[in-house]
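Trainee: I would like to learn how to read charged side chains in a model. Can you take me through a case?

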Amino acid sequence: MSYDRAKMKLEVKQLMKKTRPRPIWLTLLYLVIVAAGSWVIQTVIGSVIGVGAVTSAYIQALMSLDPSNWERAVEELAASLVMNSSVLSGIISGSILMGILSYLWTSLMGMSYVGYTLDMVRGKNPGAKALFSAFPKFGKVILTNILVGVFTALWSLLFSLALVIVIVIAALLIEAVPAIGILLMIVGYAAFLAVMLWVTLRYAMVNYLVMDQDLSGLEAIRVSKQMMKGYKGRLFVLYLSFIGWYLAAFAIILVGALLMGLCALPMVGGSMGGIIAGVILMLVVGLLMVVGTLLLEMWLTPYV
């Protein structure tokens, strides 16, 4: 099969226009569900294990410190936290648990969204039910994401050690020949990023294989590596072809932040009218910024 990126992207745009319900609205639902699930994990589970309450108490204590001797007060507060090992271990273990649960939740929903998009490109007009298509494969999905995470972490650790060696050598060279040392450090970082990108591209088809062919985690990883031989460069270029849209999203956020800064100028005088006007303008600009980026994400996510 010939590969024509421009034609493929045009066909997807046309398909998105024909699909019912519209992908943008189901994508909005997907984003809301993911955000709601993450909130439940962070808030409810965090409250149950006490991480939120303990962290909030220390934040309040930090905010109430005497500004005149703030540095010493912070040191005392940190020392008390370290001394209370049960509190510290609770915060650390609770944060790790919530991080793992958040990762598994987003992975499960992400895999479901893959199932939704597979149905969409095949003209099946998938409904909201497709956003939960990975749930019947819960165990397989979780195991697959854990395996991919472990393999990626191992690759990262291996090349991180190599990067550390390069940085040490570069640091020694900087004292004798600064230009070569700096160049070696830049090349080392670039090589590390390139290798990690290579690892990511190797596993690019894993989620699709699990959802489409119902493969096990290890089998999907093996097949993905085979499928991506000779295609990593094409997929990388395909990813790059969307950079304009991501730059547009960044521009919306940047312009919004600058406008919010300008909206704060009426508050400088200290008058009540200026403060109220500044706050209202900042809220309006912030709302427009959120809506703009959300609308772009609603269209861009299914397209990609």
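Mentor: Let us go through the charged pairs and then a charged patch. Keep in mind that this is a predicted model.

Trainee: How many salt bridges does a search of the whole structure find?

Mentor: Start with the general idea. Side chains of opposite charge can pair when their charged atoms come close. Here the search finds five salt bridges.

Trainee: Which side chain meets arginine 122 in a salt bridge?

Mentor: That of aspartate 212, at 2.7 Å from N to O. Now look at where the two sit. Arginine 122 is in the loop between helix H5 (85-121) and helix H6 (138-176), while aspartate 212 is in helix H8 (residues 206-213). They are 90 residues apart, so the pair links distant parts of the chain.

Trainee: What does aspartate 214 pair with?

Mentor: With lysine 137, where the closest N and O atoms are 3.6 Å apart. Aspartate 214 lies in the loop between H8 and helix H9 (217-227), and lysine 137 in the loop between H5 and H6, so this pair ties together parts 77 residues apart in sequence. Shared partners also join Lys137, Lys140 and Asp214 into one network of salt bridges.

Trainee: Is lysine 124 buried or exposed?

Mentor: Exposed means over 50% relative accessible area. Lysine 124 has 53%, so it counts as exposed. Its salt-bridge partner, aspartate 119, is partly exposed at 22%.

Trainee: Which residues form the positive surface patch?

Mentor: Lys13, Lys17, Arg20 and Arg22. Arginine 22 sits in the loop between helix H1 (5-18) and helix H2 (23-48). Its relative accessibility is 33%, so arginine 22 counts as partly exposed.

How values were computed: Residues numbered from 1 in each chain as written. Predicted model: local features only at pLDDT ≥ 70, side-chain atom pairs only at ≥ 80, totals over all residues. Heavy atoms only, no water. Patch = residues over 30% accessible without salt bridge, like charges linked within 9 Å, V, L, I, M, F, W, Y side chains within 5 Å. Areas by Shrake-Rupley, 256 points an atom, 1.4 Å probe, with all protein chains shown as cover. Salt bridge = Lys/Arg side-chain N within 4 Å of Asp/Glu carboxyl O. Lys, Arg positive; Asp, Glu negative; His and termini not counted. Charge placed at Lys NZ, Arg CZ, Asp CG, Glu CD. Helix = DSSP H or I, 4+ residues; strand = E, 2+ residues; numbered from the N terminus. Buried < 20%, exposed > 50% of the residue type's maximum accessible area, 1.4 Å probe, protein only.
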